[in-house]
Amino acid sequence: MKLLNPKIRQKFAESLKAVLPVVGIVIVLSFTIAPITSSILLCFLVGAVMVMAGMMFFTLGAEMSMTPMGEKVGARMTQSKNILLIVVLSFLLGVVITISEPDLQVLATQVPSVPNMTLILAVAVGVGIFLVIALLRMLIGVALPPLLTFFYIAVFVLAFLVPENFRAVAFDSGGVTTGPMTVPFIMALGVGIASIRNDHHAADDSFGLVALCSIGPILAVMVLGLIYKPTNADYQPVAIPEISDSVELAQLFAHGLPDYMKEIALALLPIVLFFGLFQIFALRLSGKTLAKILIGLVYTYIGLVLFLTGANVGFMPAGNYLGQVMAARSYRWVLVPVGALIGYFIVKAEPAVYVLNHQVEELTDGAISARSMGVSLSVGVSLSVALAMIRVLTGIPILWFLIPGYGVAIGLSFFVPKIFTAIAFDSGGVASGPMTATFLLPLAQGACVAVGGNLVADAFGVVAMVAMTPLITIQILGMVYQLKQQKSGAGVFAGAADAFGALDENAIIEL
């Protein structure tokens, strides 16, 4: 506990820095251009406290449990050198952790023409198949850009075949299914597999799993759209709470808490069982290591319960109401800069973003800092939310943004260092997490209601936009990094290192 206390203080400070700017923006808006009721403001403030506490426990728990679990499972799977075993286990793991993702249940309710279990299983199978592809890519050493080009061409070809009202929901599914439950484990799995390789490209290839796993759900939902031919997708309006006293406020959160306790328990259970079987038959870790992982799982559970309760009960109504109020004004275009400002700060409160940034810094020995990653992600999400608000106000089709956006992102992937491409496409799935679904999406939906737009076609797609723009900003960061290396002469030595790494181990080198 003496060791944990400084760590808890550090995590609390980090969560405070991440959430307070969003709280400050909402409070300023509520006292100026977007007045909201005291009920919603109180719910938001209580929710913010729960989000901060939840983020603190989650990040601590992910470091202690999810990351080591994923790394050890990945390393042990690779050591077996049995390709068939790796394929089967990877597929099962992808299916299990996707079914356990709480956000997938939310997605299923938005597509009424497709039976919920059919959609959940299809998305889970999609993730399982693409996790197999991602792991085989790492083991064989296939470059990521050609794979991304091929699969995204397939995605956009299918996009023209499915009903227009269904496209935004399909693209949103890619970001929804790579949530806080799956991302830390999948990313750590990649690190564990890469650790067995002894070549100099292993660190580059340790990223990219989330990037490919984000494609599977999009393709799966679009294929279902072709089979079931939905004419529309449903929208269930966010309930705006009306609270008369503090007791009712407490009851509102107390009513939601048991649901999320059950959801997160069911979500963690498959991952724990999978790891438990690995421990019994392959890993056989020491009791001390297992105890630390178990404590970390408890922290993860507490953190996600608090975080999701605060975000869903407190943040969702506030986002929806703010969108309605601002879009109803004569100066409704203020939504664009306000959305950009909120987007810049809200991505810092995504639980999985912290995991990504610090893993990048650790694996690159500080060459790519967590701070530069954070700024690049914030700029990307800020741009995406601004574009999403323009879509809501004008009704521009989502493909007008996604096709050129992904075209630029894939084009850049052939020119920037490999590691930046993998990190960039991973960051898209990581950035579009629960904060996007519980605050930014309701913000867009509330604004869409106020302007009388098409909810499904115009409001949905925020998650897809948030998942797209970091692909560009992180790769631009890679180009800047590459230029700095070339100016300092590091690029020459990097080329020599590549040539040396390509030699046979028995080659004779003449100096």
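Tutor: In this predicted model, a helix is a DSSP run of H or I with at least four residues, and the helices are numbered from the N terminus. In that sense V88 belongs to helix α3, which covers residues 83-99.

Student: Why is V88 called partly exposed?

Tutor: The relative accessible area of V88 is 41%, and since buried means under 20% and exposed means over 50%, with partly exposed in between, V88 is partly exposed.

Student: Why are α14 and α19 given the description roughly antiparallel?

Tutor: Helix α14 (residues 335-346) and helix α19 (residues 434-451) pack at an angle of about 175°, with 11 Å between their axes. With the cut-off for roughly antiparallel set at over 145 degrees, the pair α14 and α19 is therefore described in that way. On the α14 side the contact involves L335, I342 and I346, while on the α19 side it involves M435, F439, L440 and A447.

Student: What makes K11 and E63 a salt bridge?

Tutor: The closest N and O atoms of K11 and E63 are 2.6 Å apart, and because the rule asks for a Lys or Arg side-chain nitrogen within 4 Å of a carboxyl oxygen of Asp or Glu, the pair K11 and E63 counts as a salt bridge. By this rule the count comes to one. K11 lies in helix α1 (residues 4-30) and E63 in helix α2 (residues 38-79), so the pair ties together parts that are 52 residues apart in sequence.

Student: Are K11 and E63 buried or partly exposed?

Tutor: K11 has a relative accessible area of 1% and is therefore buried, as buried means under 20%, whereas E63, at 32%, is partly exposed.

Student: Why is S376 counted as buried?

Tutor: S376 has a relative accessibility of 9%, and because the cut-off for buried is under 20%, S376 counts as buried. S376 is found in helix α16, residues 370-394, and, leaving aside neighbours within four places in sequence, S376 is in contact with T473, I474 and L477.

Technical notes: Residues numbered from 1 in each chain as written. Predicted model: local features only at pLDDT ≥ 70, side-chain atom pairs only at ≥ 80, totals over all residues. Heavy atoms only, no water. Helix = DSSP H or I, 4+ residues; strand = E, 2+ residues; numbered from the N terminus. Buried < 20%, exposed > 50% of the residue type's maximum accessible area, 1.4 Å probe, protein only. Contact = heavy atoms within 4.5 Å. Axes fitted to C-alpha atoms, helices over the stretch in contact; angles between N-to-C directions. Parallel < 35°, antiparallel > 145°, perpendicular 65-115°, else oblique.
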